[in-house]
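Here is a guided walk through one model, with the cut-offs given along the way. Please keep the viewer open as you read.

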Amino acid sequence: MENFAMEIITKTPEETKALGEKLGKALKENDVVALSGELGAGKTTFIKGLAAGLKVRDFVSSPSFIIVNEYSGRTPFYHMDLYRLEGEEDIEDIAVTEYFNRGGVVAIEWAEKLKVLLPDRFIAVTIELLDGSRRKITLKETGTDRLKNMTFRGVS
Ligand SMILES: Nc1ncnc2c1ncn2[C@@H]1O[C@H](COP(=O)(O)OP(=O)(O)OP(=O)(O)O)[C@@H](O)[C@H]1O
Ligand SMILES: [Mg+2]
C-alpha cells in the first residue's frame, strides 16, 4: 500500500483537537497512531480529539506515573505516554508491543522512543511549534489507508 502524507497548520488547541477527532473517526481496530513533538507541542490535545472521534467518554490527560491508560469507545483505546521511559529495557518492561493487534486503537506520545519496535503499519503524527499558537501537524501513514479516505474541509 502506498504511503500518504499531509500537512496542516492549526491556530488554536480547538483546531488541533478537531483534526484529531477527524482522524479518530477514520480509525479502525488495530490502528497505531505514533505522535512526536516537543514538550507542549499539542500531542495530548490531538489525542483528546482522537478519543472523541472514537467515542471514548471519559478521557483524561495522561497522569505522570501511569504509562498506559485504557478506555472503551467504539473500539478499545490505549493511550501511552513514553516520556518517562529511558532505555530499551524500560520499553520491554511495559510491553508496549503487546497492545498492538489486540483489537483496539493505540495512540503513543513520544513514539520515537520505540524505534524499531513500531509496528509495520502505523500513522505518524508530528507536531511542530510555529510562532504564537500555530502548530504544523504532519500526518503520514505507512501501510494503512485511513488518511487518504479522510476529508479535511473545515480544518486549517
Ligand atoms: N494550535 C495548538 N494546538 C495544540 N495546542 C495548542 C495550540 N496552541 C496552543 N496550544 C496549547 O499548547 C499546549 C499543548 O499541550 P499538550 O499537553 O497537548 O502537549 P503535549 O505535546 O502532549 O506535551 P507533553 O510532551 O508535555 O505531553 C496546551 O496548553 C494548549 O492549550
Ligand atoms: Mg502530552
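## From the helices to the sheet and the ligand

Let's begin with helix α1 (residues 13-26), which lies across β1 and β7 (135-142) and runs at about 155 degrees to β1. Helices (H or I, at least four residues) and strands (E, at least two) are DSSP runs, numbered from the N terminus. Axes are lines fitted to C-alpha atoms, for helices over the stretch in contact, and angles run from 0 to 180 degrees between N-to-C directions; contact between two residues means that their C-beta atoms, placed from the backbone, lie within 7 Å.

A word on bookkeeping: this is a predicted model, where local features need pLDDT of at least 70 and side-chain atom pairs count only at pLDDT 80 or more, while totals for chains, interfaces and linings use all residues. Residues are numbered from 1 along each chain as its sequence is written, and chains are lettered from A and ligands numbered from 1 in the order in which they are written.

Now for the sheet itself. Its 7 strands form an open sheet in the order β1-β7-β6-β2-β5-β4-β3, with mixed pairing. The edges belong to β1 (4-10) and β3 (68-72), each with a single partner strand, so one side of each is left without a neighbour in the sheet. From one strand to the next, the twist averages 15 degrees. Two strands count as paired if DSSP finds at least two bridges between them.

Follow β5 next. Strand β4 (residues 76-81) runs parallel to β5 (residues 105-109) and is joined to it by 5 bridges, with D81 partnered by E109. β2 also runs parallel to β5, through 4 bridges, and here L35 has E109 as its bridge partner. Between β4 and β5 comes helix α3 (residues 88-93), and the three make a right-handed β-α-β unit (right-handed if, with the strands pointing away from the viewer, the path from the first strand over the helix to the second runs clockwise).

How well covered is β5? Of its 5 residues, 5 are buried, a label for residues with 20 or more other C-beta atoms within 10 Å of their own C-beta, all placed from the backbone (exposed is 12 or fewer, partly exposed in between). In a regular strand the side chains alternate between the two faces of the sheet. On one side of β5 sit V105, A107 and E109, on the other V106 and I108, and all are buried.

Helix α2 (residues 43-53) lies across β2 (32-36), β3, β4, β5 and β6 (122-129), at about 170 degrees to β5. It is largely enclosed by the rest of the structure, because 10 of its 11 residues are buried. The cover includes α1, β2, β3, β4, β5 and β6. Zoom in on I47, which belongs to α2: with 29 C-beta neighbours inside 10 Å, I47 counts as buried. Leaving out residues up to four places away in sequence, I47 touches G20, H79 and A107. Just after α2, K55 takes a positive phi of about 60 degrees.

Finally, turn to ligand 1. Of the 17 residues around it, T16, G42, K43, T44 and S133 come nearest (a residue is near if its C-beta atom, placed from the backbone, lies within 6 Å). α1 and α2 each supply at least two residues of this shell, and α2 gives the most, with 3 residues. By class, the shell has 4 nonpolar, 9 polar and 4 charged residues; Ala, Val, Leu, Ile, Met, Phe, Trp, Tyr, Cys and Pro count as nonpolar, Asp, Glu, Lys and Arg as charged, and the others, Gly among them, as polar.
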